[in-house]
Amino acid sequence: MNESSVRTVGWARSLPMGQGVKAARDWAQEHLASLGWDETAPETVHSVLLTVSELVTNAHVHAGTDAQLVMSWDTRCLHISVHDGSASLPTPREPSEERVGGRGMLLVDVLADTWEARPCPHGKTVTACFRAPEAAAAV
């Protein structure tokens, strides 16, 4: 295999506003199980599922739009991307005793190895990346 080529496996799902975050988590869990991560990297699975929940919630609540969830695994990093129709980029906010919400991107920042938000012609995409622990990387 050419060193510059990368084999990637990916999945995509559209999540209309009426569908809950649970549907996104369940869908993501199914694909993480197909990679064997539920057995080899359960802590990473929990972090990924919480990140999926936060990013889809942000798309539905803060952007007020449907969400498109894409997961891709390139044997080095699992990329979780959520696209929504708002051009407003997320930023972590300091926790406040006056606000109930506003901690989602702080959680993503702690859980993911890296994350970024990029504007797109019709909104934005937020991508969080997770490097697999050695046991999961061998799958």
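Predicted model: local features only at pLDDT ≥ 70, side-chain atom pairs only at ≥ 80, totals over all residues.

Trainee: What makes β2 and β3 a pair?

Mentor: Two strands count as paired with at least two bridges between them. Strand β2 (residues 67-73) and strand β3 (residues 77-84) have six bridges, in the antiparallel sense, so they pass that cut-off. Within the pair, V70 sits opposite S81 in β3.

Trainee: And which order do the five strands of the open sheet take?

Mentor: The order is β1-β2-β3-β5-β4, with antiparallel pairing.

Trainee: Why are β1 and β4 said to stand at the edges?

Mentor: β1 (9-15) and β4 (114-120) each have a single partner strand, so one side of each has no neighbour in the sheet.

Trainee: Which strands do the helices lie across?

Mentor: Helix α1 (residues 21-34) lies across β1, β2 and β3, at about 170 degrees to β1. Helix α3 (residues 42-62) lies across β1, β2, β3 and β5 (123-131), at about 15 degrees to β3.

Trainee: Now H83 in strand β3. What makes its reach to the backbone oxygen of K124 a polar contact?

Mentor: The cut-off is 3.5 Å between N or O atoms. The H83 side chain reaches that K124 oxygen at 2.8 Å, and the backbone oxygen of H122 at 3.3 Å, so both fall within the limit. Leaving aside neighbours within four places in sequence, H83 also has contacts including D66, C120 and T125.

How values were computed
Residues numbered from 1 in each chain as written. Heavy atoms only, no water. Helix = DSSP H or I, 4+ residues; strand = E, 2+ residues; numbered from the N terminus. Contact = heavy atoms within 4.5 Å. Axes fitted to C-alpha atoms, helices over the stretch in contact; angles between N-to-C directions. Polar contact = N/O pair within 3.5 Å; in protein donor to acceptor, adjacent residues only side chain to side chain.
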